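Keep the viewer at hand and look up each residue as you go.

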Amino acid sequence: MKIKNVSNNLILTLFILFFLLVNIVHSNGLFDQLFKIQHTTNIDVRLIGFDSLEQDELKILLNKLNKDYSPTILYPKLQTIDLIKQNHKFNITEGSHNLNEEIKASVKKYISDYQHRSTLKQDEYLVPFDIVDNIIAQDYKQQNHISYVIYIINTIFDREDTIEKYTYSQLNSSTINSLHRDGINVVDHLCNVKLWQSKSESPKNLNNSNDGSGRYVWIDIGAETCTYGPQTKGTGLISNDQLPHTSSRFTKKLYDISTFFYHTIRQLISPPIYQVPENYGWINLEIQLIMIHDHLVGQLEVSEQFDWESIKEQLGEKMPLLPNQRVTFSKREVSLLNDLYAAQIKQSSLKTHHSALKGTQQFLDSKELHHWFKVHIQKFIPSYLDDSSKTIIPIFLFDISYRELLLLDRFYQAVSFPDMVIGIQTQSGLMKIDYQCDKQLGINPMDATKPVLQSLLMTIWGVGSNSLVVNENSKQVENNFIWNIGYNPSNMFSNLKDLSFSQTDSAVRNYLYFDIISSIESLKSIMDHIGDDETWEEFTHSIDNPSVRSIDSFFKSINSTITDINSNLQLHQYSKAYDRINQLSDLAMNISSVIHKIHSSKHSYLECEKSTFLLSEFISISFTTIIVIYFLYKVLRKSLF
């Protein structure tokens with residue numbers, strides 16, 4: 001019996017010991033719960049032409065998508081930001097009867113009046129995207145949304161109509177009509193689609209124009225779409241069967257709509273972060289274009305199509321900047337004929353690739369170019385290392401009168417590096433690429449505007465292509481090209497050069513996330529230090545802040561600030577969120593200063609850079625261990641004797 005009692009008491013004692021040790025190890029669990037950013041994104045869903053049963057079932061499906069997850073950084077290695085949690089709130093409403101009828105009437109009228117057909121599929125009528133987009137944009141502006149809005153158009157044709165197949169062109173109506181001459185149809189050199197995204201609003205002109213800008217997307221599930229994506233290899237091919245369609249059975253139709261929502265959220269509304277920019281934290285930024293010609297500077301080249309003014313407009317006027325940030329642009333030109341460094345850099349980077357299918361192909365090695373441009377950077381930008389008042393991001397763009405195909409690394413017109421962008425454009429003909437829109441695609445090698453713009457987004461703001469997704473099972477980065485249409489610089493399926501809300505919102509959100517991480521990690525580290533090495537009484541009497549006089553008031557101050565940040569992010573109030581994040585940063589800086597003073601007076605022999613023996617922690621653990629051993633001794637003695 002005594003042995004049994006000893007056994008029971010020993011188990012109880014070990015449990016108590018485990019409980020005490022766990023509380024020592026996890027004494028900072030409260031900090032982990034306190035330092036959390038909950039970024040909730042509001043999404044209004046407007047269902048146009050759906051019956052009540054479909055609406056109810058969609059509500060159930062969409063609510064299942066509302067799960068917390070952490071933002072992902074893709075490169076240089078896949079990682080999550082665990083201090084931030086993202087989720088999405090859906091508000092599902094029925095679109096008005098008038099909105100439904102106006103969209104129907106406009107599409108039917110265009111088909112009836114113009115009878116434009118796709119040259120790729122003769123049984124499909126071609127409708128310019130702006131026939132529907134103008135109506136959707138007007139409804140969006142009238143509602144004065146602070147949320148993202150997703151419009152789902154169920155059907156254009158009623159049961160009594162003769163149902164026609166139709167698709168949407170990425171060209172607007174004025175462009176299509178101007179291209180039609182003598183009954184000749186527009187050549188489908190762009191993908192025909194059934195979904196669309198709005199372009200980014202200018203921060204200077206919010207809600208004042210009906211120009212297709214805002215934070216909305218729409219899909220007409222009654223329309224057709226081409227098959228677009230990689231042609232021979234790679235992931236992410238999009239076909240008509242993968243997107244929701246009116247003709248699908250009830251269950252499949254609703255499932256496809258919910259899948260469409262999933263990809264829209266993860267790739268367009270809350271896409272992953274491509275990378276943490278090397279120059280994150282800049283205040284004054286200069287984007288400097290250095291055009292490297294193979295003719296003398298000043299000689300006009302009619303074939304040059306690089307649209308520098310468009311890049312200045314998109315990044316200088318439409319990109320929302322944080323308070324105190326400023327972006328300027330400059331341009332200079334050099335010639336390979338009289339600039340020795342430019343000529344040698346190009347020549348040393350020129351490589352040759354031999355292929356049984358394509359024969360011998362020359363290309364420029366981007367890593368070689370990057371290396372030599374860094375070595376000789378001051379030959380091109382004399383003030384690059386000397387001017388500490390601004391951050392300079394150079395664009396080295398080769399403009400070559402080369403009739404053969406010449407690309408970077410055999411495949412690219414532009415490549416992003418942490419400190420620069422390198423691009424090339426030549427005068428070779430239409431270049432076939434391994435992508436398709438029902439047929440193999442070709443791009444214009446004489447214009448590197450879009451690839452350079454996308455590379456700048458990656459280098460400066462950490463914004464990657466909307467096609468990049470993380471496979472939840474394999475945890476690998478893959479492609480899904482569903483939203484690589486319309487306003488998207490990484491999109492090879494159209495010629496549009498405008499940014500969408502996805503790129504501009506991602507740019508400012510990424511920077512706020514980086515600031516949040518920096519501030520909260522500093523506060524956590526400092527609070528751990530205070531708990532280990534100082535008494536709260538000493539600390540609160542040392543800090544010059546009347547609102548922080550106890551642990552409780554200190555926690556409340558931080559929690560109140562984080563609550564405000566959450567609210568500002570939800571309402572797209574980025575400047576206010578930035579100010580609040582700065583409050584956390586300032587608090588961390590002030591606390592660091594106080595701790596440094598306390599250490600200087602009490603522990604002057606210690607250096608912060610070196611590991612410190614924490615006496616308080618040693619005493620706490622020793623005291624707890626002695627108590628447990630004593631308690632164990634008493635229990636065992638009582639049980640045995």
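The points below go from the overall fold to a disulfide, some ring pairs and a lysine.

1. First, the overall picture. Keep in mind that this is a predicted model. The protein has 17 helices and 22 strands. Of its 641 residues, 50% count as buried. If you take the contacts between residues at least 6 apart in sequence, 75% of them join residues at least 24 apart.

2. Next, the cysteines. How many disulfides does a search of the whole structure find? The search turns up 1, and it is formed by cysteine 191 and cysteine 437. The two sulfur atoms are 1.5 Å apart. The torsion about the S-S bond is about -65°, so this disulfide is left-handed. It links distant parts of the chain, with its two cysteines 246 residues apart. Cysteine 191 is in the loop between helix 6 (173–179) and strand 8 (195–197), while cysteine 437 is in strand 19 (residues 431–437).

3. Are these cysteines buried or exposed? Cysteine 191 has a relative accessible area of 0%, so it counts as buried. Cysteine 437 comes out at 4%, and is buried as well. Have a look at cysteine 226 too: it is in no disulfide, and the nearest cysteine sulfur, that of cysteine 191, is 3.8 Å away. Cysteine 226 is itself buried, with a relative accessible area of 4%.

4. Now the aromatic rings. The whole structure has 28 aromatic pairs. Take tyrosine 140 and tyrosine 216: the ring centres are 5.2 Å apart and the planes are at 45°, so the pair is tilted. Tyrosine 140 lies in helix 5 (residues 130–143) and tyrosine 216 in strand 9 (residues 216–220), so the pair ties together parts 76 residues apart in sequence.

5. Another pair to find is tyrosine 280 with phenylalanine 514, which is edge-to-face at 5.4 Å centre to centre and 80° between the planes. These two residues are 234 apart, with tyrosine 280 in the loop between helix 7 (250–269) and strand 11 (284–293) and phenylalanine 514 in helix 13 (residues 501–533). Tyrosine 280 has 27% relative accessibility, so it counts as partly exposed. Phenylalanine 514, at 5%, is buried. Both belong to a cluster linked by ring pairs, together with Trp282, Trp461 and Tyr511.

6. Two arginines are also worth a click. The charged end of arginine 117 sits over the ring of tyrosine 125, 4.0 Å from the ring centre. For arginine 266, the ring under the charged end is that of tyrosine 69, with a distance of 3.7 Å to the centre.

7. Last, lysine 346, which is found in helix 9 (residues 340–349). What is the nearest side chain of opposite charge to this lysine? It is aspartate 294, 7.4 Å away. A salt bridge needs a distance within 4 Å, so that gap rules one out. Lysine 346 is therefore a buried residue with no salt bridge. Leaving aside neighbours within four places in sequence, lysine 346 is in contact with Leu336, Leu364, Leu369, Phe398 and Ile400.

Note on methods: Residues are numbered from 1 along each chain as its sequence is written. This is a predicted model: local features need pLDDT of at least 70, side-chain atom pairs count only at pLDDT 80 or more; totals for chains, interfaces and linings use all residues. Side-chain values use heavy atoms; hydrogens and water are left out. Helices (H or I, at least four residues) and strands (E, at least two) are DSSP runs, numbered from the N terminus. Buried means under 20% relative accessible area, exposed over 50%, partly exposed in between (1.4 Å probe, protein chains only). Lys and Arg count as positive and Asp and Glu as negative; His and the chain ends are not counted. Contact means heavy atoms within 4.5 Å. A disulfide is a pair of cysteine sulfur atoms within 2.5 Å. Rings of Phe, Tyr and Trp (its six-membered ring) pair if their centres lie within 6.5 Å; planes under 30 degrees apart count as stacked, over 60 as edge-to-face and the rest as tilted. A charge sits over a ring if NZ of Lys or CZ of Arg is within 6 Å of the ring centre and within 35 degrees of the ring normal.
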